[in-house]
Amino acid sequence: ESGSNNWVLGPSRTANGAALVANDPHIALTNPSVWFPVEIDAVSNGSGVHHIAGSTFPGLPSVILGHNESVAWGLTASNWDLADVYLEELSSDGSTVRFEGEDVPVVERQIEFQDASTNSTVSRSLRWVPHHGPIVAEDLTNGTAMTVRWTGHEGGTDLDAFFVIGAATTALEAREAIALVTNACQNFVVADRNGDIGLYPFSNVPGRPWASATLPPWLPLPGDGSAEWQGHVSIDDLPQVTNPPGGAIVTANQDLTGASADGDVFNDGQPSFQAITRAEGTRARRIMDLIEEGANSHDVDSMTAILGDTYSLYGEVVAP
């Protein structure tokens with residue numbers, strides 16, 4: 001299974017009384033690689049504020065996961081549901097959609113692309129519904145179209161977040177940086193030299209007060225205005241924790257709120273929804289089990305051993 005694991009231990013859980021962070025973004029191997037190790041130092045021989053090391057995407061002038069001299073952080077995908085699909089009602093000539101009782105013109109542009117394989121110019125006519133997003137499929141015969149609305153269409157400050165966290169000196173400063181994340185959709189675990197730890201899975205999660213079993217956001221929604229976003233879920237209403245009593249935080253793409261535990265994500269008053277691609281939780285459970293086995297004497301070696309663990313909780317059930 002593709003996915004990622006990260007966890008952070010507070011001083012009460014470690015042999016030397018310092019916080020520890022582990023991260024394993026075990027996505028598929030590709031060539032070129034998604035991850036690229038890098039160190040950026042504007043401090044040792046300069047007057048800058050960034051001295052960071054870790055992994056990043058090739059060409060990005062910052063570090064995605066890693067550490068500076070005071071704070072370390074790791075990422076896994078939080079799988080927040082940041083997009084919706086709408087079923088639009090087209091006019092007979094396909095030039096407008098029906099929205100809140102009005103006919104709204106479809107935006108159409110002729111876009112030219114350079115085909116690198118043939119070195120030729122390709123022209124495409126692309127269409128957008130202004131309040132939702134690009135039309136990805138349409139049936140003019142039946143007067144319908146499908147659009148995709150995504151928080152990324154609104155722009156964002158993801159890159160700013162990585163610059164700011166790169167200069168953070170405490171876990172709480174890192175939290176302020178992560179609050180700038182809009183679309184990256186990640187579980188950030190952080191630790192600082194003071195021993196403070198935290199989990200901050202911040203993103204611009206759409207507000208969907210209409211979401212219900214009869215209008216679930218994971219199915220195509222009516223484009224008539226009855227299922228529109230109402231801002232974003234407040235950061236304070238997203239799951240998060242600083243210095244939990246147990247001294248350990250684990251994420252492995254699992255349900256972050258517990259809303260899915262009873263099979264009904266609508267009955268807990270939880271405003272943030274995750275996509276169905278979230279993990280079912282066995283990887284997170286296994287990591288926490290191994291943390292518990294190590295009690296309060298973890299070190300770099302024990303963290304590395306957990307990274308290399310191959311035991312399957314699925315297998316435990318299936319093997320007999």
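Predicted model: local features only at pLDDT ≥ 70, side-chain atom pairs only at ≥ 80, totals over all residues.
Figure 1. The side chain of Arg 127 meets that of Glu 138 in a salt bridge, with a distance of 3.1 Å from N to O. The pair links distant parts of the chain: Arg 127 belongs to strand 11 (residues 120-129) and Glu 138 to strand 12 (residues 133-139), and the two residues are 11 residues apart. Glu 138 is partly exposed, with a relative accessible area of 37%. Side chains of opposite charge can pair when their charged atoms come close. In the whole structure, a search finds 11 salt bridges.

Figure 2. The side chain of Arg 149 meets that of Glu 154 in a salt bridge of 3.9 Å, N to O. A salt bridge also joins Arg 149 to Glu 228, where the closest N and O atoms are 3.9 Å apart. Arg 149 is part of strand 13, whereas Glu 228 lies in the loop between strand 16 and strand 17 (241-242), so this pair ties together parts that are 79 residues apart in sequence. Are Arg 149 and Glu 228 buried or exposed? Both Arg 149 and Glu 228 are buried, and the relative accessible area of Arg 149 is 18%. Glu 154, by contrast, counts as partly exposed, at 40% relative accessibility.

**Figure 3. A network of salt bridges.** Which residues are linked in this network of salt bridges? The members are Asp 81, Asp 84 and Arg 208.

Figure 4. Ala 83, for example, has Trp 150 in strand 13 as its bridge partner.

Figure 5. Why is strand 14 described as largely enclosed by the rest of the structure? Seven of its seven residues are buried, so strand 14 is largely enclosed in this way. Gln 186, Phe 188, Val 190 and Asp 192 point one way from the strand, while Asn 187, Val 189 and Ala 191 point the other way, and all are buried. Strand 14 pairs with strand 6 in the antiparallel sense over seven bridges, and Ala 72 has Ala 191 of strand 14 as its bridge partner. Strand 14 also pairs with strand 15 (residues 197-200), again in the antiparallel sense, over four bridges. Here Val 190 stands opposite Gly 198 of strand 15. Strand 14 and strand 15 form a hairpin with four residues between the strands, and in this hairpin Gly 195 takes a positive phi near 95 degrees.

**Figure 6. The largest pocket and its lining.** Rolling a probe the size of a water molecule over the atoms shows where empty space is left. The largest pocket holds about 570 Å³ of space. Its lining has 25 residues, of which Val 21, Gly 66, His 67, Ala 72 and Trp 73 are the closest to the centre of the pocket.

**Figure 7. A nonpolar patch on the surface.** The patch is formed by Leu 159, Phe 163, Val 164 and Leu 180, which together have about 270 Å² of accessible area. Leu 159 has its place in helix 1 (residues 158-166). At 36% relative accessibility, Leu 159 counts as partly exposed.

**Figure 8. The protein as a setting for the close-up views.** The protein has five helices and 18 strands. Taken along the principal axes, its C-alpha atoms fill a box of roughly 70 × 55 × 40 Å. Of the 320 residues in the protein, 41% are buried.

Notes
Residues numbered from 1 in each chain as written. Heavy atoms only, no water. Patch = residues over 30% accessible without salt bridge, like charges linked within 9 Å, V, L, I, M, F, W, Y side chains within 5 Å. Areas by Shrake-Rupley, 256 points an atom, 1.4 Å probe, with all protein chains shown as cover. Salt bridge = Lys/Arg side-chain N within 4 Å of Asp/Glu carboxyl O. Buried < 20%, exposed > 50% of the residue type's maximum accessible area, 1.4 Å probe, protein only. Pairing = 2+ DSSP bridges. 1 Å grid on protein atoms, 1.4 Å probe; cavity = no way out; pocket = protein on both sides within 12 Å on 5 of 7 lines; lining within 4 Å. Points joined across faces, edges and corners; volume = space filled by probe spheres on them.
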